Amino acid sequence: MKVFKDQYKGKKVLITGHTGFKGSWLSTWLLKLGAKVVGYSLDVPTDPSFFEGANLASKVKSYFKDVRDLKELRVVINKEKPDYIFHLAAQSLVSVSYENPEETISTNVIGTMNVLECLRQVKKKTIGIIITSDKCYQNMEWKWGYRENDNLGGDDIYSGSKGAAELIINSYVKSFFGKNKNSFVRIGICRAGNVIGGGDWSKDRIVPDSIKSWSKSKSVLIRSPNATRPWQHVLEPLSGYLSLGIELYKSSKLHGEAYNFGPNAEQTKTVVELLSDLFTHWNNTKIQKPYLISKIKKFKEAGLLKLSCDKALFDLNWQSNLDYSETAMLVGQWYDFYYQKNMNVYEFSIKQIKLFEEIAKKRKRSWII
C-alpha cells in the first residue's frame, strides 16, 4: 500500500508548531511515512498534550524557538535545509485573540512573513505549505460554502490576523516567488476549520472542554447547544496538506494557489449531537449527563461557516475520507484510551492513522494506492 506515493519517505520535513494539536498529528503521520521530521515551536502549548503523551520529543528533532524571531528561524532553516516546510505555528484561539491581540497578530502575521522571508534565501528545491484557517474569510453567515476567491477578513482579531496573513502570502508569492524569480521555492496555501481529534486540550474548544470535564466525572457546561459546525477529523485536512505538498514537489502548476479542506455536508451537526455521540465512546458511568447549558457567553461566536472544496477535488482529486460516525468514533476512542491508560499513546495514534488509511484505500482516495 503506497501512501502519498511514498514521496515523503526519506525527505526532511520541517514543521513549525509541531508541538500543537495538528502539528503533533502531522509529525506522527510523517514519521510513519518515513520522513525525517524537524520541529520548530515556542513551547508545548497545553498540559496535557499529544506531543508529550506520545513522547514525540524522542522521535523528532526539536528547536524550541519563537517563529517571530526571524534571525533564529533563518539559522534553523539554513542549517536543516528541509525539502518541505509545513507552517502551522500560530495563535489559534479566538478567545485568546480578545485577551491578547498583539500576540495574535504578531504570531500569525509576522510569524508567517518570517517563514516566507526565510524561503526567499533557500538555494535548493523547497516546498512551503502555509496553513491559515477557514476564519480567514469574511463571514457573511451564508448557508453555502466559501470558495477560495471569496473575500478575506474577519470581525474578531483572530480572523483578521488570518486574513492579513493571506494577503501577505499572496504579495510574497507575486513579488518574490513568481516567474523568473526564486525558482527553488513553491508555495501552497491551505485553509481548514472545525477540526477535532484526539490530543487537543486547547481552551474554549468544545471537545477539549468536554473531555476535561468528563475526565473529572463532571458534565461540561456548553454555551451554544444548537450551534452547528461541519466537524472534521484532524487527519482529513492533514491528508489535504500532504496531497498538495507532493503535487507541488512534482510540478509548479499549482504554485501560489490556495485550497480549502473540509468535510462533506452530512458532517454538519449541532454541538449537542456531537457531544452525545462522543459520549457513547466514553467509559465513565459516574456522569449522569454529558452536558449542561450555560447562559454565560464569554465572547461573540461566529455562526455557521462552511467551505467549498470543489477546487481541491478538481486540482488534487482530494475528497474527505470519513463519515460522521467514523469521525466521532476515532475522537471518542482516542480520549477514552488516553484516560484509561490502556496502551502507548504513540502506538494507538499510529493505529488510528492506519485505520484512516485503510478506509481511504477502500474508498479509493487519490492519495493512497
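## Packing of α11 and α12

Helix α11 crosses α12 in a right-handed sense; a crossing has this hand if the near helix is turned clockwise from the far one by less than a right angle, and is left-handed if anticlockwise. The model is predicted: local features need pLDDT of at least 70 and side-chain atom pairs count only at pLDDT 80 or more, while totals for chains, interfaces and linings use all residues. Residues are numbered from 1 along each chain as its sequence is written, and side-chain values use heavy atoms, with hydrogens and water left out.

Helix α11 spans residues 324-340, and its axis comes within 10 Å of that of α12, at a crossing angle of roughly 165°. Axes are lines fitted to C-alpha atoms, for helices over the stretch in contact, and angles run from 0 to 180 degrees between N-to-C directions. The two helices, α11 and α12, are therefore roughly antiparallel; the classes are roughly parallel under 35 degrees, roughly antiparallel over 145, roughly perpendicular from 65 to 115, and oblique for the rest. Helices (H or I, at least four residues) and strands (E, at least two) are DSSP runs, numbered from the N terminus.

On the α11 side, the contact is made by Glu326, Met329, Leu330, Gln333, Trp334, Phe337 and Tyr338, which meet Val345, Phe348, Ser349, Gln352, Leu355 and Ile359 of α12; contact means heavy atoms within 4.5 Å. By class, this contact of α11 with α12 has nine nonpolar, three polar and one charged residues. Ala, Val, Leu, Ile, Met, Phe, Trp, Tyr, Cys and Pro count as nonpolar, Asp, Glu, Lys and Arg as charged, and the others, Gly among them, as polar.

## Two further helix pairs

Helix α8 (residues 235-250) packs on α12 (residues 345-362) at about 70°, with the axes 12 Å apart. The pair α8 and α12 is therefore roughly perpendicular, and its crossing is right-handed. Leu235, Glu236 and Ser239 of α8 meet Gln352, Ile353 and Phe356 of α12. This contact of α8 with α12 has three nonpolar, two polar and one charged residues.

Helix α9 (residues 271-279) and α11 have axes 8 Å apart and an angle of about 55°, so α9 and α11 are oblique to each other. Their crossing is right-handed. Glu273, Leu274, Asp277 and Leu278 of α9 meet Tyr324, Ala328, Val331 and Gly332 of α11, a contact with five nonpolar, one polar and two charged residues.

## Second largest pocket

The second largest pocket holds about 320 Å³ of space. Its lining has 24 residues, with Gly262, Pro263, Asn264, Leu307 and Cys309 nearest its centre. A pocket is an open set of points on a 1 Å grid over the protein atoms alone, where a 1.4 Å probe fits, with protein on both sides within 12 Å along at least five of seven lines; lining residues have an atom within 4 Å of a point. Grid points are joined across faces, edges and corners, and a volume is the space filled by probe spheres set on the points. By class, the lining has ten nonpolar, ten polar and four charged residues.

## Backbone exceptions

Most residues other than glycine have a negative phi, and most peptide bonds are trans. The bond from aspartate 47 to proline 48 is cis, with omega near 10°; proline 48 lies in the loop between β2 (36-41) and α2 (50-53). Lysine 81 has a positive phi, near 50°, and is in the loop between α3 (70-80) and β4 (84-87).
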